[in-house]
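The entries below follow the order in which I looked things up.

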Amino acid sequence: MMEFDKEVDARNLNCPLPILRCKKGLSDMLGNQTLKIMATDPGSEKDFAAFCKQTGHELLQLDKTENVFTFYIKKRNVA
């Protein structure tokens, strides 16, 4: 299991709420810390990949189990 610094539960929420929860979760974290976020929205896999690409955060890992997507996102290092 991957280590993380903060956890956000966005299960049973539809787009764009999981991404908004992710942004909020990352906002008070330090650079290089890892956010674990769980979502059930089928589009979240594509959404989180695009979000990370656009914002410079790193999608470290994606686990899929029984309709739950668990993303581990490393916050970009802010100088």
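This is a predicted model: local features need pLDDT of at least 70, side-chain atom pairs count only at pLDDT 80 or more; totals for chains, interfaces and linings use all residues.

Entry 1, helix over sheet. I looked up where helix α2, residues 44-55, lies, and found it across β2, β3 and β4 (68-74). Its direction makes an angle of about 10 degrees with β4.

Entry 2, the sheet. I traced four strands in an open sheet, in the order β1-β2-β4-β3, and the pairing is mixed. Which strands stand at the edges? I found β1 (6-10) and β3 (58-65) there; each has a single partner strand, so one side of each lacks a neighbour in the sheet. From one strand to the next, I read an average twist of 15 degrees.

I followed β1 to strand β2, residues 34-39: the two run parallel and are joined by five bridges. Within this pairing I located Ala10 opposite Ala39 of β2.

I then examined helix α1, residues 17-27, against α2. Their axes come within 10 Å and cross at roughly 40 degrees. Angles under 35 degrees would count as roughly parallel; α1 and α2 are therefore oblique to each other. The crossing of α1 past α2 is right-handed.

On the α1 side I listed Pro18, Ile19, Cys22, Lys23 and Leu26, and on the α2 side Asp47, Phe48 and Phe51.

Note on methods: Residues are numbered from 1 along each chain as its sequence is written. Side-chain values use heavy atoms; hydrogens and water are left out. Two strands pair if DSSP finds at least two bridges between them. Axes are lines fitted to C-alpha atoms, for helices over the stretch in contact, and angles run from 0 to 180 degrees between N-to-C directions. Contact means heavy atoms within 4.5 Å. Angles under 35 degrees count as roughly parallel, over 145 as roughly antiparallel, 65 to 115 as roughly perpendicular and the rest as oblique. A crossing is left-handed if the near helix is turned anticlockwise from the far one by less than a right angle, and right-handed if clockwise.
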